[in-house]
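Let's take a walk through this one, stopping at a few places along the way. Have the coordinates open and follow along.

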Amino acid sequence: MATTRSRSAKAASKSGANDSAVGGRHKAASQNGLPLDHTTLLDMYRQMVTIRLFEEAAQKAFRTGKIGGYLHLYIGQEALAMGFLHSYQPGDKIITAYRDHAHALILGTHPRAVMAELYGKGTGMVKGKGGSMHLFDVKNGLWGGYGIVGGHIPLGVGFAYAQAYQQSGNMTQLYFGDGSIHNGAFHEAANLAGLWGRDGMNPCLFILENNKYGMGTSVERATAMTDLSAKFDSYGIEHEDVDANDLIAVLECAQRVTKMVRETGKPYGIEAQTYRLSPHGAADFLERYRSKDEVQSHRAHDPINVLEARLLQADATTEAEMEKIRADAKDVADDAVKFAEESPDPDLAELTTDVLAD
Amino acid sequence: MPVMTYREAIRSAMADEMTRDDSVIVMGEDIGVYGGTHLVTDGLIDKFGPKRVIDTPIAEGGFTGAAIGMAMTGMRPIVEMMTWNFSFQAADQIIQNAAKVRYFSGGQVTVPLVIRGPNGGGVQLSAQHTHSLEGFYGHFPGLKVVSPVTPADAKGMMLASIRDNNPVIFLEAGALYGTKGEVPDGDFVVPFGKARIAREGTDITLIAYGRQVNMLLNVAEKLAGEGISAEVIDLRSIRPFDEETIVTSVRKTHRAVVVQEQWRWFSVASEVAAIIQEQAFDDLDAPVLRVSGAEVPAPYARNLELAAFPNEDQIAAAARRALYLEK
Ligand SMILES: Cc1ncc(C[n+]2csc(CCOP(=O)(O)OP(=O)(O)O)c2C)c(N)n1
Ligand SMILES: [Mg+2]
């Protein structure tokens, strides 16, 4: 089977986004060069800002000891999940690793239930049993939330097989990190996906969240073959890159490729280029593995700033309107924290429930 | 009642359930076109086709994980481990995902999954191809672990496994695939968590599961000739565990020997002995004894292999020791 490497998409993503962020030269189908109406885009802006402020509030709670365990933030990567999850349809299945707060919030879990889970409260989305790394909201399409690097990848491929077997017309969005692509679980699962996809039995979109680091190990220090998406070629999975800090680029890509995956039942690979602005986890204080200058240089391409520039350029919003959105988002985050703090601990009887099903 | 081999009993349960329920599929290495390394799945691909009888590449972690994903989302996969020895490559999936995802999702998902295949040694496969993993898998909450020894139980427990809404580790006695026995027709389900009294007796309780149950029956016969009446208990399932049948028997006999092929340290027999002393301490007339495999990787040479696993003489000697008839 031929695998077409989308060189054009890759080239565009390597140069395009930052230019367009400042220059607004992106030409697309609808009003003012944007692919969706202003109201929809502004709503996505609102969601991205809400995620940001929500996570900043969570980080603060972690540092004051109110949130335990691990806390992995999505700061700097918000446009990635926002853009792909815009193509979510009821019945689709979303699965990701532990950096999962944004996915839950975008899919529609109430921020209160997410924050309460981070606080380990009985009102949390999994009743305080999983914490930050194990967010599930099956009704809204979120099938976890997994903490073993690479370990969830085979599950996503299984979801997709079941979707094809059940002739549901649905698909799976499978998110995983640049660090996990070196794990055997990725390679075994990708091989199965390619194989099953030959018969239309694997509508799985592999979304590689390349934020350039797996904890403190950069992509360059983890592999001699740093063109990560080329690894999909080994398994007969077509793929392309996208500049995931540019919501507009992600939306365009997501709409096109999800349609294709749904129609063909074949898996498809995305290398979503982004950058983790936050520490690996909220406890990663030293960040010896990268310089402050490096992080600073990426702040210029913060996906929220990129989107703001786009919206202003297209006259889709005003400074005053964005200010109002930020203020509302702050209220949502504060409300979630208040709710979590006031929520009761899980009932002790919950300790032994949910181990086995009836 | 029809007579079937252990292998046929498992196959018939799978075929019946696949006929009854479209969501049941089987997958594993060489289970379709090849017919299964041990021919347990022989013929299923002709009947149900390649979308329900999936030949996988040799990637235990990948296909077990995919099966877990299928199970979470409405299917009932049966995964064949060509032998359980290869399941270490899938252990991360089994333990970290299948066993726990229900709990860490706050009860939002179920994993109706069966993983089956031959377990245990006795056919000179040496170190890497010989393991008894009941203690290993029995350790983890969220899994069910069963080990049938008769063809009837093989069928009845396979039906129960497929219908169970939890991941079931189905450990087959690999050395017994060809043994025959009567197997009830039709919808014959053997529920988990109920041990079987394979032979009644009054002087001592002999406890095992899997292949060793047959040895206990031979030993009990031999002891009967010496005037000793031994009760033989087949645990059938390791998790859930039937404490009641064991404790009731020991209250009657006041003595127990637990036999297993696996290594003794941190094993099923250790757990059984602990349960007995916790619940029937005052009824015991002797310490509970364990007969286990030698603390070495399994050797190849026939004489060494025989010496590495419990044999009937050792078991009979242990029974006599528990009766203070022998030092
Ligand atoms: C199997 C395994 N090994 C190590 C870890 C510890 N660990 C947690 S996150 C992480 C880095 C993963 O990086 P990546 O896949 O790029 O995801 P990111 O954190 O960048 O989103 C490591 C090594 C783990 N959770 N699981
Ligand atoms: Mg990374």
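Predicted model: local features only at pLDDT ≥ 70, side-chain atom pairs only at ≥ 80, totals over all residues.

Residues are numbered from 1 along each chain as its sequence is written, chains are lettered from A and ligands numbered from 1 in the order in which they are written, and side-chain values use heavy atoms, with hydrogens and water left out.

Start with the magnesium ion (ligand 2). Asp178(A) (OD), Asn211(A) (OD1) and Tyr213(A) (O) coordinate the ion at 2.1 Å. Donors here are N, O and S atoms within 2.8 Å of the metal (3.2 Å for Na, K and Ca), and water is not among the atoms, so sites may look incomplete. Along the sequence, the donor residues follow the spacing D-x32-N-x1-Y. Asp178(A) sits in the loop between strand S3 (172–177) and helix H7 (184–197) of chain A, and Tyr213(A) in strand S5 (residues 213–214) of chain A, so the pair ties together parts 35 residues apart in sequence. Helices (H or I, at least four residues) and strands (E, at least two) are DSSP runs, numbered from the N terminus. Both Asp178(A) and Tyr213(A) are buried, meaning under 20% relative accessible area (1.4 Å probe, protein chains only).

Now for the interface. Chain A puts 37 residues in contact with 41 residues of chain B, where contact means heavy atoms within 4.5 Å. About 3200 Å² is buried between chain A and chain B, with carbon and sulfur atoms giving 66%; this is the accessible area (1.4 Å probe) that the two parts lose on being put together, summed over both. Tyr165(A), Glu188(A) and Ala357(A) supply 18% of what chain A buries against chain B, more than any other three residues. Strand S2 (142–145), helix H6 (153–165) and H7 of chain A each bring at least two residues to the side that touches chain B, and H6(A) gives the most, with 7 residues.

Last stop: helix H9 (residues 243–253) of chain B. Its buried residues are Thr245(B), Ile246(B), Val247(B), Ser249(B), Val250(B) and Thr253(B). Their cover includes strand S13 (256–263) and helix H10 (268–280) of chain B. Asp242(B) caps the N-terminal end of H9(B), with a side-chain oxygen 3.2 Å from the backbone nitrogen of Glu244(B). After H9(B) comes His254(B), with a positive phi near 70 degrees.

Methods:
Buried < 20%, exposed > 50% of the residue type's maximum accessible area, 1.4 Å probe, protein only. Polar contact = N/O pair within 3.5 Å; in protein donor to acceptor, adjacent residues only side chain to side chain.
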